Amino acid sequence: MPYRPRWAVRVARGTRRLFRAADDRLGLSPVVGRLLKHPVPPGAGWLYVFGSATLIAFMIQVVTGIALAMAYVPSSGQAYDSLRFISRDAPFGHVLRGIHFFGASAMVLLVGLHTIRVYLMAAYKYPREMNWLTGAVLLALTLLMGFTGQLLRWDQNAVWSVIVGAEQASRVPAFGHLLARFILAGDAVGGATLSRFFAVHVFFIPAVIFLFIGAHVYLVVRHGISEPPKSGRPVDPPTYRRWYDDMLAREGHPFWPDAAWRDVVFGVGVVFVIIALAQIVGAPELGKPPDPTNLVAYPRPDWYLLWYFAVLALIPPSIESWVIVLAPLLFGLALLLVPFVSNRGERSPKRRPWAIAVVITAVMMIGVLWAAGARAAWSPDFNAPRLPDTLAGASPAVRTGATLFHDRGCENCHSISGIGGHRGPDLTTAGDRLTTAEMVIRIMNGGRNMPPFAANLRPDEVDALVAFLRSRRR
Amino acid sequence: MSAEPRTTQSRRRWLAMMSAGLSGLAALAVATPVVGFILSPLWKRAPRIWRDVGPVSDFAIGSTVEVAFADSSPLPWAGVTARTAAWLRRMDATNFVAFAANCTHLGCPVRWLPDAKLFMCPCHGGVYDSAGRVTAGPPPRPLARYDVRVREGRVEIRTMPLPTA
């Protein structure tokens with residue numbers, strides 16, 4: 001043993017004694033130690049890190065959220081100014097907002113990945129049904145945090161999002177209007193609206209999330225981490241627990257550090273990616289002030305709900321109210337029913353092709369809707385520029401037609417050579433497709449999803465417009 | 001336990017029931033004002049009041065313009081959010097029509113395009129003609145209209161709760 005001065009030996013001995021005494025009175029090692037070292041099945045690899053990473057993202061949200069709340073003023077009239085102060089003047093304010101935004105994004109993404117992993121590996125089967133149910137609630141709460149958080153940005157977009165939310169709630173039969181009033185906290189967006197969303201986002205939902213995370217983690221420890229599935233090894237409830245305990249006794253590893261190191265490495269990676277994105281990309285820019293009388297607005301949800309924005313645009317109006325009210329309910333119900341539909345049998349995705357099909361379908365549906373929501377072809381293009389003369393051509397009638405095409409709003413919905421909206425058909429080569437008579441009929445009478453223009457065009461204007469459109473050829 | 005006299009058992013049952021009942025009572029006593037406070041907007045309806053939006057002479061016959069006015073009961077800290085906008089059209093010397101700026105689909109702000117004579121919604125592409133009738137897109141109903149009146153040479157609009165349906 002190398003020489004150590006006497007005082008160093010004493011300090012070391014004293015520290016040990018102090019720790020032992022504290023540990024004895026606090027009872028740390030028997031509880032925390034056993035928790036950390038509880039045995040986990042072998043083979044749990046990198047796919048098992050999404051749950052803990054979601055928790056880490058949530059912790060980032062708590063910490064950055066507390067910091068932001070120290071400067072944010074939850075008042076309808078002043079929140080926007082306080083956010084401008086946080087973003088522009090407060091030291092670290094901009095990057096803090098960025099971390100909170102990308103932390104939210106990470107949480108949504110990771111909770112989604114975690115759900116998919118658990119579903120594909122059927123880890124929700126006996127005896128972990130309640131793990132799944134508490135997790136489903138946490139998934140819903142995460143999305144709710146995303147929506148309410150976007151509203152706290154309290155810019156023009158947020159104000160219209162509250163109104164859109166209230167209008168959706170008002171579609172619920174019988175008490176829809178009460179729900180809408182509850183969301184707006186009155187007759188319209190006003191002084192009472194924001195403080196309620198603040199309380200919900202900052203106090204209520206986080207408290208429920210803490211509660212459910214506690215239950216979720218407790219259940220993970222109580223039932224043990226699910227072993228990686230193997231085809232041909234079905235879950236049999238009467239014998240599963242004994243089999244699982246025997247397996248752990250035989251080949252289990254202590255969670256810390258044998259399995260936990262992967263959670264740490266991935267979690268730390270998530271933290272650094274969030275911070276890097278906050279630094280490089282930055283927080284979402286604040287929109288215009290929350291003035292409901294500024295009607296030049298393009299309300300859009302943040303990326304995690306952009307696919308739902310597409311749903312609202314694309315469902316047929318006749319079934320729309322049903323979809324708005326029932327779809328979220330049915331989706332939630334389906335999620336909650338998963339462990340009740342089958343809590344035994346095969347767990348391996350290789351033996352559960354339907355599970356793979358469900359995940360691929362869901363991911364594809366959300367992906368396609370997301371892309372559609374990002375493009376928003378159904379929205380008129382209010383900023384379409386005038387068609388350049390080079391495009392319109394030399395003939396005066398055709399040029400007049402091109403001007404009318406812009407002024408009378410045709411261009412908001414129809415594009416020509418890449419200029420204009422995408423709501424209606426592209427008319428770049430309309431001259432090849434439609435005769436003069438067909439064009440006149442369509443313009444005057446309108447059509448499916450097109451307003452009639454008979455009342456708003458003189459005969460010579462119709463002629464000019466048709467001359468312009470007839471000149472659009474390949 | 002079974003060896004204990006009946007009276008002890010029934011006493012225990014009574015104590016358990018009493019404790020649960022008392023706790024429930026305390027919870028109810030706290031919950032009543034809390035829930036009542038949170039739900040109060042449901043039954044506290046703001047009055048619908050007339051708001052001045054300017055002298056009649058400010059509006060040209062046939063033109064449709066945006067007007068802004070204060071909500072019916074603005075809170076002192078509401079700031080700009082206490083304001084509401086509507087599309088006001090002067091029909092003739094004394095008659096006005098005011099359309100709600102909220103699309104009947106999901107409440108987004110419709111915009112009046114004066115040359116196209118259409119209202120268009122930026123969210124999901126609802127289109128209305130100059131009378132506020134739906135001509136394209138998902139809106140289920142025509143644009144809502146505010147009550148408008150002219151009093152002593154000034155145009156007044158009567159506030160209306162959201163959603164406009």
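**View 1. Where chain A meets chain B.** In this predicted model, 59 residues of chain A are in contact with 54 residues of chain B. Putting the two chains together buries about 4,500 Å², and carbon and sulfur atoms give 62% of that area. The rule picks out 22 residue pairs in polar contact across the interface, with both partners at pLDDT 80 or more. On the chain A side, the elements that put in two or more residues are helix 7 (156-169), helix 8 (176-184), helix 9 (191-223), helix 12 (306-314), helix 13 (320-341) and helix 17 (410-413). Helix 8 of chain A gives the most, with six residues. Sorted by class, that side of chain A has 32 nonpolar, 16 polar and 11 charged residues.

**View 2. The salt bridge between the chains.** How many salt bridges are there between chain A and chain B? The count is one, and its partners are the side chains of B:Arg83 and A:Asp291, 3.4 Å apart from N to O. A:Asp291 sits in the loop between helix 11 (255-280) and helix 12 of chain A. Is A:Asp291 buried or exposed? Its relative accessibility is 16%, so A:Asp291 counts as buried, the cut-off being under 20%. Leaving out residues up to four places away in sequence, A:Asp291 touches B:Val80 as well as B:Arg83. Within chain A, the side chain of A:Asp291 also joins that of A:Thr293 in a polar contact of 2.7 Å.

**View 3. The bend in helix 13 of chain A.** Follow helix 13 of chain A to A:Leu326 and you'll find a bend of about 40°, with a proline, A:Pro328, following within four residues. The buried residues of this helix are A:Glu320, A:Val323, A:Ile324, A:Val325, A:Leu335, A:Val338 and A:Pro339. They pack against helix 5 (93-120), helix 6 (129-152), helix 7 and helix 12 of chain A.

**View 4. A threonine in helix 6 of chain A.** A:Thr142 belongs to helix 6 of chain A. With a relative accessible area of 6%, A:Thr142 is buried. Setting aside residues up to four places away in sequence, A:Thr142 touches A:Met107, A:Val108 and A:Val111.

View 5. A:Asp236 is in the loop between helix 9 and helix 10 (237-251) of chain A. At 36% relative accessibility, A:Asp236 counts as partly exposed. Its side chain makes a polar contact of 2.8 Å with the side chain of A:Thr239. A:Glu285 is another matter: A:Asp236 and A:Glu285 are 49 residues apart in sequence and 53 Å apart in space, C-alpha to C-alpha.

**View 6. Two cis peptide bonds in chain A.** Most peptide bonds are trans, but here are a couple to look at. One cis bond joins A:Tyr126 and A:Pro127, with omega about 0°; A:Pro127 lies in the loop between helix 5 and helix 6 of chain A. Another cis bond joins A:Trp256 and A:Pro257, with omega about -5°, and A:Pro257 is part of helix 11 of chain A.

**View 7. Positive phi without glycine.** Most residues other than glycine have a negative phi. A:Ala376 has a positive value, near 50°, in the loop between helix 14 (353-375) and helix 15 (389-392) of chain A. A:Ala376 counts as buried, at 7% relative accessibility. Over in chain B, B:Lys117 has a positive phi of about 55° and lies in the loop between strand 5 (111-113) and strand 6 (118-120) of chain B. B:Lys117 is partly exposed, with a relative accessible area of 41%.

Key. Residues are numbered from 1 along each chain as its sequence is written. Chains are lettered from A and ligands numbered from 1 in the order in which they are written. This is a predicted model: local features need pLDDT of at least 70, side-chain atom pairs count only at pLDDT 80 or more; totals for chains, interfaces and linings use all residues. Side-chain values use heavy atoms; hydrogens and water are left out. Contact means heavy atoms within 4.5 Å. Buried area is the accessible area (1.4 Å probe) that two parts lose on being put together, summed over both. A salt bridge is a side-chain nitrogen of Lys or Arg within 4 Å of a carboxyl oxygen of Asp or Glu. A polar contact is a pair of N or O atoms within 3.5 Å; within protein, one must be able to donate a hydrogen and the other to accept it, and residues adjacent in sequence count only if both atoms are side-chain atoms. Ala, Val, Leu, Ile, Met, Phe, Trp, Tyr, Cys and Pro count as nonpolar, Asp, Glu, Lys and Arg as charged, and the others, Gly among them, as polar. The bend at a residue is the angle between axes fitted to the seven residues ending there and the seven starting there. Buried means under 20% relative accessible area, exposed over 50%, partly exposed in between (1.4 Å probe, protein chains only).
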